[in-house]
Amino acid sequence: MEELTIEESLEKYPYLRKITESIILTTSDDMKNMDNGEHILFNGEDVLVEFLKRIIQNNNYYNYAKKFLEDKIPTFGVSYIIGGDTGRTIKYSKSTIVEGIQELINSKNLVLNPEEEIRYENLRNTISYEKLLDKTKDSCFSIEMDGISYSIPIKKMIDIMDLPDENFDEICNNSEIKTINGIPKEYFIYASYKFFRDNKIFQNFVIPENIKTRFKDIKSLQKIDLQAINRHKKTTDQTFKKLKLMKI
């Protein structure tokens, strides 16, 4: 049986038109070709090189990606129609898209012309570290711990995570340092960890490697005893609140 065109499929299954707001529809053969093409392992994801290249080289893919990075659509991917539904959908986090493209550029797997360079810079600037700093500069992260509510300027938490190793280690290891910004230091560091984790900062922004390393060190219990804090949290029947961005 001959495969319907995309438009014919949408005519047959009009309820699928809604998904085209955030998903590009292609043919099953095109999906197979992308799958059979080159892959790279990046940010723990198996990434299709052809998909990343299209974001830079294809107007339609670029426009969808740009809207996704600008939070104008909730997701961005490519799929195909099969039996009145979509098949496998290819989609990645914002940072994987941008940093994956950078990886292709670094490896000479993708050589940009002047127009494509502008496209890449536009995408990268949209989720840059500087953009994160600007978006959160006047906001606070609210948590409750040990029956006390804290409202912490996000800039302060980012500044801590961005400290040189020797300065951060001194804060963690020096028993004479009890507080950060007037908050018990273990709580402050845990709140910083929670802010980055719960808000998927590493998935949504291009973050410097030293901050990624700091986050991993905290997660692996190398810097503070997260398990002890978790136990304390349970015994006092308190929970950390989800992110609240509040003006200072």
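The model is predicted, and local features need pLDDT of at least 70, side-chain atom pairs count only at pLDDT 80 or more, and totals for chains, interfaces and linings use all residues. Residues are numbered from 1 along each chain as its sequence is written, and side-chain values use heavy atoms, with hydrogens and water left out.

Rings of Phe, Tyr and Trp (its six-membered ring) pair if their centres lie within 6.5 Å; planes under 30 degrees apart count as stacked, over 60 as edge-to-face and the rest as tilted. Y193 and F215 form a stacked pair, with 4.8 Å centre to centre and 20 degrees between the planes. Y193 lies in helix α10 and F215 in helix α12 (residues 209-219), so this pair ties together parts that are 22 residues apart in sequence; helices (H or I, at least four residues) and strands (E, at least two) are DSSP runs, numbered from the N terminus. Y193 is buried at 5% relative accessibility, and F215 is buried at 10%; buried means under 20% relative accessible area, exposed over 50%, and partly exposed in between (1.4 Å probe, protein chains only). F195 and F196 form an edge-to-face pair, at 5.5 Å centre to centre and 85 degrees between the planes, and both residues are buried. Ring pairs link F141, Y190, Y193, F195, F196, F202 and F215 into a cluster.

F196 is also among the residues with the most contacts inside the largest nonpolar core, together with F51, I55, F76 and I101. This core has 66 residues, a nonpolar core being a set of buried Ala, Val, Leu, Ile, Met, Phe, Trp, Tyr and Cys residues joined through side-chain atoms within 4.5 Å. Helix α10 (residues 185-198) supplies the largest share of this core, eight residues. Residues up to four places away in sequence aside, F196 touches I158, M161, I201, F202, I211 and F215, contact meaning heavy atoms within 4.5 Å. A second, separate core of six residues includes L16, I23, L25 and I81.

Three strands form an open sheet of mixed pairing in the order β1-β4-β7; two strands pair if DSSP finds at least two bridges between them. β1 (23-25) and β7 (90-91) stand at the edges, each with a single partner strand, so one side of each is left without a neighbour in the sheet. β1 pairs with strand β4 (residues 77-79) in the parallel sense over three bridges, and L25 stands opposite S79 in β4.

In strand β3 (residues 45-48), E45 is partly exposed, with a relative accessible area of 22%. E45 touches I40, K91, Y92, S93 and T96, not counting residues up to four places away in sequence. The C-alpha atoms of E45 and T96 are 8.2 Å apart in space, although the two residues are 51 residues apart in sequence.

Zero disulfides are found in a search of the whole structure, a disulfide being a pair of cysteine sulfur atoms within 2.5 Å. C140 is buried at 6% relative accessibility, and C172 is buried with a relative accessible area of 14%.
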